Amino acid sequence: MDMAEPRLIYLPKILDDRGNLTFVEEKKHLPFIINRVYWIYDVPGGEFRGSHAFRKNEEMIAALSGSFDVVLHDGKREYRFSLNRSYDAVYVPGMVWRRMENFSTNSLAIVLSSTHFDPDDYIRDYDLFLKEAAR
Ligand code: TYD
């Protein structure tokens with residue numbers, strides 16, 4: 001398993017007539033320790049989120065409700081993941097440019113992060129990202 005490659009993570013699903021259940025355990029389903037959780041909701045139609053990279057922070061992104069696309073670029077190639085199931089997630093390593101788009105109405109994105117919030121970890125300039133990714 002290449003830790004540095006963006007990829008889909010298929011989380012366990014416990015199917016039940018009373019309602020389904022999914023869970024995630026750090027180090028087991030994720031290659032990092034969870035230090036922060038945030039969620040994105042009430043995204044207006046046509047809006048996008050992201051358009052930045054993190055130098056160190058690694059993340060897992062899932063669509064708990066609705067659907068959206070996660071578009072990633074590692075400086076060499078683009079990856080596009082369409083999330084629309086509560087048990088599918090995307091692993092985003094550090095130094096990957098990311099953008100989230102095509103949010104459906106009432107979509108809910110959950111993001112598990114390996115670091116606490118640190119504005120200095122962000123790269124918000126794409127040309128600077130390409131320069132740092134090439135190092
Ligand atoms: P940002 O990461 O730029 O949002 P997105 O990538 O989804 O477009 O964050 C938006 C604002 O929220 C920015 O001012 C930083 C703040 N923020 C925090 O204070 N803590 C956090 O954990 C996150 C993710 C963002």
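## Serine 82 and the basis of the values

Serine 82 is part of strand E8, residues 78–83; helices (H or I, at least four residues) and strands (E, at least two) are DSSP runs numbered from the N terminus. With a relative accessible area of 52%, serine 82 is exposed, where exposed means over 50%, buried under 20% and partly exposed in between (1.4 Å probe, protein chains only).

The model is predicted: local features need pLDDT of at least 70, side-chain atom pairs count only at pLDDT 80 or more, and totals for chains, interfaces and linings use all residues. Residues are numbered from 1 along each chain as its sequence is written, and side-chain values use heavy atoms, with hydrogens and water left out.

## Salt bridges

There are seven salt bridges in the structure, each defined as a side-chain nitrogen of Lys or Arg within 4 Å of a carboxyl oxygen of Asp or Glu. One of them pairs glutamate 101 with arginine 99, with 2.7 Å between the closest N and O atoms. Salt bridges with shared partners connect Asp69, Arg80, Arg99 and Glu101 in one network. Glutamate 101 is buried at 14% relative accessibility, whereas arginine 99 is partly exposed at 29%.

Another salt bridge joins glutamate 132 and arginine 55 at 2.9 Å, N to O. This pair links distant parts of the chain, 77 residues apart: glutamate 132 is in helix H1 (residues 126–133), and arginine 55 is in the loop between strand E5 (49–54) and strand E6 (59–65). Glutamate 132 is buried, with a relative accessible area of 15%, while arginine 55, at 30%, is partly exposed. Arginine 18 and aspartate 16 also meet through their side chains in a salt bridge, at 2.7 Å from N to O. Here arginine 18 is exposed at 77% relative accessibility, and aspartate 16 is partly exposed at 28%.

## Ligand shell

Which residues are around the ligand? They are Arg36, Tyr38, Ile40, Arg49, Gly50, His52, Phe117, Tyr122 and Arg124, a residue being counted if one of its heavy atoms lies within 4 Å. Strands E4 and E5 each contribute at least two residues to this shell. Its make-up by class is four nonpolar, two polar and three charged residues; Ala, Val, Leu, Ile, Met, Phe, Trp, Tyr, Cys and Pro count as nonpolar, Asp, Glu, Lys and Arg as charged, and the others, Gly among them, as polar.

For tyrosine 122 the distance is 2.5 Å, for arginine 124 it is 2.9 Å, and for arginine 49 a polar side-chain atom lies 3.0 Å from a ligand oxygen. On its own the ligand has 530 Å² of accessible area, and the protein covers 61% of it; accessible areas come from the Shrake-Rupley method with a 1.4 Å probe.

## Nonpolar surface patch

Ile14, Leu21 and Phe23 make a nonpolar surface patch of about 250 Å². Patches consist of residues with over 30% relative accessible area and no salt bridge, with like charges joined within 9 Å and nonpolar side chains (Val, Leu, Ile, Met, Phe, Trp, Tyr) within 5 Å. Phenylalanine 23 sits in the loop between strand E3 (21–22) and strand E4 (36–40). Its relative accessible area is 31%, so phenylalanine 23 is partly exposed.

Conventions. Polar contact = N/O pair within 3.5 Å; in protein donor to acceptor, adjacent residues only side chain to side chain.
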